[in-house]
Amino acid sequence: MADERRPEGMTRITTPELARTFIEEQVEALRGQIGDQKVLLALSGGVDSSVVAALLIRAVGQQLICVHVNHGLLRKGEPEQVIEVFRNQMNANLIYVDAVDRFLDKLAGVTDPEQKRKIIGGEFIEVFAEEARKLDGIRFLAQGTIWPDILESEKGIKAHHNAGGLPEDMHFELVEPVKILFKDEVRVVGKELGLPDNMVFRQPFPGPGLGVRCPGAITRDRLEAVRESDAILREEFAKNGLEGRVWQYFTVVPDFRSTGIRDGKRAFEWCVIIRAVNTTDAMTATVEEIPFSLMSTLVQRITSEVPGVNRVLYDFTPKPTGTIEYE
Ligand code: XMP
């Protein structure tokens, strides 16, 4: 199974029927591979790891141990949703690790984007490895590797092993049940497995999470402003029929303040930048034309509901010259 490739001419999984067939085959293959052993999975709540979790729960139930690391850089409601869907609804064996303080303390005062990324990635591996060491007799490690990851790693564009970087002494056999699927197929399979739409049709979200949307040194209050403004933006896009139509949208709170007025007094506060872009491959992107009335609602809600924010700006820059993310 470990060196299985996408069969030449495999039918694209586009329908519930095709997804059901794939699920049945995978469940059988997973049972054959895993037997009565235990499997460990880092469950971020992103599409790929969620679908892998749901497949493994169906195949081996409580033999799967999911570890959800909350690094404090997730979007509003995400850690709660992982617990609700997997622990409460699917009865998964889920270990929830609140590592918020640990990550934010390590990141305090760090301004360089690459350094921030390294700290987040390195700390993630460390927390995950610590949890793995507490468990006995785990033979397998599941990963949400998908077919484009394999193609890209073969071309030398990126290493595909998400959990690559685990300490040398930790040896696991890999379980990669969606490795022959394209992203759109993973979503169809996820839907058929009963995962909620807002998990399955989620927009892309970078590994370092909201950390790249809180430019410069991350502070807890500015990070909260990113999280709250992002939640408002997502809510308003959903209400106004833009969800699922606009490829990616989020907010950024840069590390500077400007003068404003609140309740008749000077308010020296941050600004929120809104970014909403369309693309097919993320190599280039165009800016979504948000209706002016929606923009006004967003300004009104963000400046009144998000503490410490007195101004809202819209980023009109296509890629190039601006990248989609800010760091
Ligand atoms: P950029 O900013 O390079 O992003 O135009 C292209 C797409 O990749 C997503 N993405 C990331 N971006 N760091 C990033 O800066 C990451 O670790 C990362 N992971 C994914 C990004 O959200 C955009 O969709």
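**Entry 1: ground rules.** Helices (H or I, at least four residues) and strands (E, at least two) are DSSP runs, and they are numbered from the N terminus. I count residues from 1 along each chain, as its sequence is written. This is a predicted model, so I keep in mind that local features need pLDDT of at least 70, that side-chain atom pairs count only at pLDDT 80 or more, and that totals for chains, interfaces and linings use all residues.

**Entry 2: N91.** I started in the loop between α3 (78-89) and β3 (93-98), where N91 lies. N91 is not a glycine, yet I found a positive phi of about 60° there. Is N91 buried or exposed? For that I use a count of other C-beta atoms, placed from the backbone, within 10 Å of the residue's own: 20 or more is buried, 12 or fewer is exposed, and in between is partly exposed. N91 has 11 C-beta neighbours inside 10 Å, so I put it down as exposed.

**Entry 3: E80.** I then went into helix α3 itself, where E80 sits. E80 has 13 other C-beta atoms within 10 Å and is therefore partly exposed. I also looked up E80 and N70: ten residues separate them in sequence, and 9.9 Å in space, C-alpha to C-alpha.

**Entry 4: Q63.** Where is Q63? I found it in the loop between α2 (47-60) and β2 (64-70). Q63 counts as partly exposed because it has 19 C-beta neighbours inside 10 Å. Which residues does Q63 touch, leaving aside its neighbours within four places in sequence? My test for contact is two C-beta atoms, placed from the backbone, within 7 Å. By that test Q63 is in contact with I34, Q37, K38 and V39. For K38 I noted both separations from Q63: 25 residues in sequence, but 4.7 Å in space, C-alpha to C-alpha.

**Entry 5: how I describe helix pairs.** Two packed helices are described by the angle between their axes and the distance between the axes. The axes are lines fitted to C-alpha atoms, for helices over the stretch in contact, and the angles run from 0 to 180 degrees between N-to-C directions. Under 35 degrees I write roughly parallel, over 145 roughly antiparallel, 65 to 115 roughly perpendicular, and oblique for the rest.

**Entry 6: α2 and α7.** I took α2 with helix α7 (residues 183-192) and found an angle of about 45°, with the axes 10 Å apart. The two helices, α2 and α7, are therefore oblique to each other. Their crossing is left-handed, meaning that the near helix is turned anticlockwise from the far one by less than a right angle (clockwise would be right-handed). V47, D48, S50, V51 and A54 of α2 make the contact with V186, R187, V189 and G190 of α7. I sorted these residues into five nonpolar, two polar and two charged. In that sorting, Ala, Val, Leu, Ile, Met, Phe, Trp, Tyr, Cys and Pro are nonpolar, Asp, Glu, Lys and Arg are charged, and the others, Gly among them, are polar.

**Entry 7: α1 and α7.** Helix α1 (residues 16-34) also meets α7: the axes come within 9 Å and cross at roughly 85°. That is why I write α1 and α7 down as roughly perpendicular to each other. From α1 I listed P16, A19, R20, F22 and I23, which meet V188, V189 and E192 in α7. This contact divides into six nonpolar, no polar and two charged residues.

**Entry 8: α4 and α5.** Next I checked helix α4 (residues 100-107) with helix α5 (residues 113-134), whose axes come within 10 Å and cross at roughly 150°. That makes α4 roughly antiparallel to α5. I noted their crossing as right-handed. R102, F103, K106 and L107 in α4 meet K116, I119, I120 and E123 in α5. The contact holds four nonpolar, no polar and four charged residues.

**Entry 9: the ligand.** Which residues are around the ligand? I count a residue as near if its C-beta atom, placed from the backbone, lies within 6 Å of the molecule. My list is P204, P206, G207, P208, V212, Q248, A282, K319, T323, I324 and E325. This shell divides into six nonpolar, three polar and two charged.

Entry 10: A282 lies in the loop between β8 (265-278) and β9 (286-287). Its phi is positive, about 70°, although A282 is not a glycine. With 14 C-beta neighbours inside 10 Å, A282 counts as partly exposed. At K319 I found a cis peptide bond to P320, with omega about -10°. P320 is in the segment after β10 (309-314). A cis peptide bond also joins P320 and T321, with omega about 15°.
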